[in-house]
Amino acid sequence: MDTKKAHKVFDSLLVLQYQSGNKKAVTLLVKRWHVKLCKHAYWYTNDKEVAKDIVQDSWNKIIRKINDLKDPNSFGNWALTIVTRNAIDWQRRHKKELGDLNSYYNENKVRIVGQGNGNKEQILRLLDRSIKELSVNHQIVLNLFYLEEYSIKEISEIINVSLGTVKSRLFTARENLKSIIKNRNYEE
């Protein structure tokens with residue numbers, strides 16, 4: 001059994017224990033998932049304190065609704081979906097602030113000349129800045145697919161869109177990212 005499946009089985013057992021009345025099981029779920037959920041929320045907010053607040057609110061909802069979870073094997077995707085939706089709601093409420101921050105970020109960014117001339121850290125910064133130029137929907141699918149390593153089916157469930165939409169967004173995000181990086185290299 002691979003590690004990912006083993007973690008899923010363990011999480012499932014903890015969910016079943018909690019649903020059966022063992023209140024300590026949720027403590028273990030929090031220990032296992034809190035850091036990952038905070039990192040996921042941070043990806044949307046770029047603010048550690050806000051990410052922690054989002055995850056705390058998400059845990060409240062998770063604990064309130066965990067008894068209604070019909071498929072304990074889906075706990076990870078389900079919890080991640082709750083955090084994702086809370087983070088997106090936060091983004092919507094703070095859209096103007098984020099726009100101001102992005103403007104500041106874009107005005108003050110350091111340009112990198114060509115991938116061949118830079119070290120790995122510079123290339124990663126270039127890639128990160130380029131990804132931030134994509135639409136939020138494209139950023140979300142790239143993050144979930146490449147960084148969080150979720151399958152297209154799992155992403156579909158997390159962001160509540162069809163498989164075809166996820167595939168389309170992933171394809172478009174890759175193409176747009178190639179174009180942004182190519183154009184950036186020409187500008188410099």
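Colleague: In which loop does Asn 46 lie?

Modeller: This is a predicted model, in which local features need pLDDT of at least 70 and side-chain atom pairs count only at pLDDT 80 or more, while totals for chains, interfaces and linings use all residues. Residues are numbered from 1 along each chain as its sequence is written, and side-chain values use heavy atoms, leaving out hydrogens and water. With helices taken as DSSP runs (H or I, at least four residues; strands E, at least two) numbered from the N terminus, Asn 46 lies in the loop between α2 and α3 (48-65).

Colleague: What phi does Asn 46 have?

Modeller: Most residues other than glycine have a negative phi. Asn 46 is not a glycine, yet its phi is positive, at about 55°.

Colleague: Is Asn 46 buried, partly exposed or exposed?

Modeller: Buried means under 20% relative accessible area, exposed over 50% and partly exposed in between (1.4 Å probe, protein chains only). The relative accessibility of Asn 46 is 45%, so Asn 46 counts as partly exposed.

Colleague: At what angle do α7 and α8 pack?

Modeller: Axes are lines fitted to C-alpha atoms, for helices over the stretch in contact, and angles between N-to-C directions run from 0 to 180 degrees. Helix α7 covers residues 136-147 and helix α8 residues 152-159, with their axes 10 Å apart. The angle is about 135°.

Colleague: Which class does that angle give α7 relative to α8?

Modeller: Under 35 degrees is roughly parallel, over 145 roughly antiparallel, 65 to 115 roughly perpendicular, and the rest oblique. The angle between α7 and α8 is about 135°. That is why α7 to α8 is oblique.

Colleague: How many nonpolar residues make the contact of α7 with α8?

Modeller: Contact means heavy atoms within 4.5 Å; α7 contributes Ile 140, Val 141, Leu 144 and Phe 145, and α8 contributes Ile 152, Ile 155, Ile 158 and Ile 159. Ala, Val, Leu, Ile, Met, Phe, Trp, Tyr, Cys and Pro count as nonpolar, Asp, Glu, Lys and Arg as charged, and the others, including Gly, as polar. The contact has no polar and no charged residues, and the nonpolar count is eight.

Colleague: With which side chain does the side chain of His 138 make a polar contact?

Modeller: His 138 sits in α7 and counts as buried because its relative accessibility is 14%. Beyond four places in sequence, His 138 is in contact with Arg 169, Thr 172, Ala 173 and Asn 176. A polar contact is an N or O pair within 3.5 Å, one atom able to donate a hydrogen and the other to accept it (sequence neighbours count only through side-chain atoms). At 2.9 Å, the partner side chain is that of Ser 135.

Colleague: How many polar residues are in the contact of α2 with α4?

Modeller: Helix α2 (residues 24-45) and helix α4 (residues 75-93) cross at roughly 35°, with axes coming within 10 Å. The residues in contact include Trp 33 and His 40 of α2, and Gly 76 and Trp 90 of α4. By class there are 12 nonpolar and no charged residues, and the polar ones number five.

Colleague: What share of the residues of the protein count as buried?

Modeller: The protein has nine helices and zero strands. Of its 188 residues, the buried share is 38%.
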